[in-house]
Amino acid sequence: MSGSGWGALHALFVRRLHERLTVMTQSLNAFKAGDCNAAAEMEQQFHSLAGIAGTFGYPDITETAREGERRCGTGSIDGITTLLSDLRARAAVVSESKTTVIASTQTKMAPYWI
Amino acid sequence: MSTTFAIAADDSYVLACPSCGVVSDAARALWCDCLTKERTPRCTSCGRCLCKLGAQQRRRFWENAPPAIYARRRGETRQHGRAMAVATKAPLVLLVDDDEEIRAIGSHVIPRLGFRCATATNGPEALAMMAEEEPVIVITDALMPKMDGRELCRFVKRSSSAKVVIMTSLYTAAHYKYEAFKRFGADEYLAKPIDFAALQATLQRLAPNAEVKA
């Protein structure tokens, strides 16, 4: 990770968000092609994303990722394509956003951490 | 005493050691680890560092130093000062998570709460690190490859006095929270997404002597 502070952390989050979306899309395609293990990979990616997005101040991404994790956990991929499209749209917004999001959403956080 | 910087033929700065007189490339000089406020270049030949000189000699030395070396001194001293302040006082927190972002956040936030922070990507790596230096608190993700957080918790509780905090997604919280406390002996529980106020409260509860840095 280059640099330090929240700016660098946010940049890391954005980079990993796009990487996760790529992996999830590949896993979805693999699942459709008959690879049963791909659902577990998708579930893991959704799980990680749900955990990290809220920490960075994006509860909407957390909720969407949780829904994806839940669906993958049940072995059904119904609606996963829609969820991934939704996440891609949000990722585009996140890429443009500033790190102040973290400060505004972590309201209880001490200001000296920023 | 002649502590001099000079410009070499290839436009790099060379440093003549005030002690042994050996001339070396200043940009490649090692920097001392002495417990002083500033870091100074150390001679690559005799190993003597300039912080051993008197104040007047040091001042004269830095007055003659080229800007690049002076800038490096500022950066080295700042980093060194932070590291020494933390290393000499702060208790160690070991953060174990397979997620790169969580480790990065922990490395950023935990030192600001008055702790040193070490990170590991899985249970076996964490146990190997604990053989070197025992942390006061181990914060571990519940779900990890190789060895999950609950299993790590059990190992830690058997072999050390470290407090263990299990961390997992709110989505799976109830199940893991119950298991973490009842079966694996965790001391605390944290939910993801990480609430920094909750993290701060948890660390301070488990290690009340740590000083929060302003």
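Here is a short chat about helices, a sheet and a few local details.

Me: What should I know before reading any values?
Reply: This is a predicted model, where local features need pLDDT of at least 70, side-chain atom pairs count only at pLDDT 80 or more, and totals for chains, interfaces and linings use all residues. Residues are numbered from 1 along each chain as its sequence is written, chains are lettered from A and ligands numbered from 1 in the order in which they are written, and side-chain values use heavy atoms, with hydrogens and water left out.

Me: Thanks! In which order do the strands of the chain B sheet come?
Reply: The order is E7-E6-E8-E9-E10 in chain B, five strands in an open sheet with parallel pairing. Strands here are DSSP runs of at least two residues (E), helices are runs of at least four (H or I), and both are numbered from the N terminus. Two strands pair if DSSP finds at least two bridges between them.

Me: Which strands stand at the edges?
Reply: Those are E7 (116–120) and E10 (188–192) of chain B; each has a single partner strand, so one side of each lacks a neighbour in the sheet. On average, neighbouring strands of this sheet are turned by 20° against each other, direction ignored.

Me: How many bridges join E6(B) to E7(B)?
Reply: Five bridges join E6 (residues 92–96) of chain B to E7(B), and the two run parallel. As one example, B:Val93 has B:Cys117 in E7(B) as its bridge partner.

Me: Which helix lies across E10(B)?
Reply: H7 (residues 196–206) of chain B does, at about 165° to E10(B), and H7(B) also lies across E6, E8 (137–141) and E9 (163–169) of that chain.

Me: Switching to chain A: at what angle do H2(A) and H3(A) pack?
Reply: H2 (residues 38–55) and H3 (residues 59–73) of chain A pack at about 155°, with axes 8 Å apart. Axes are lines fitted to C-alpha atoms, for helices over the stretch in contact, and angles run from 0 to 180 degrees between N-to-C directions. H2(A) and H3(A) are therefore roughly antiparallel, the word for angles over 145 degrees.

Me: Which residues meet there?
Reply: Among them are A:Phe46 and A:Leu49 from H2(A), and A:Ile61 and A:Ala65 from H3(A); contact means heavy atoms within 4.5 Å. The residues of this H2(A) and H3(A) contact divide into nine nonpolar, five polar and three charged. Ala, Val, Leu, Ile, Met, Phe, Trp, Tyr, Cys and Pro count as nonpolar, Asp, Glu, Lys and Arg as charged, and the others, Gly among them, as polar.

Me: Where do A:Glu19 and A:Arg16 lie?
Reply: Both are in H1 (residues 5–32) of chain A, three residues apart, which is about one turn of the helix.

Definitions and conventions
Angles under 35 degrees count as roughly parallel, over 145 as roughly antiparallel, 65 to 115 as roughly perpendicular and the rest as oblique.
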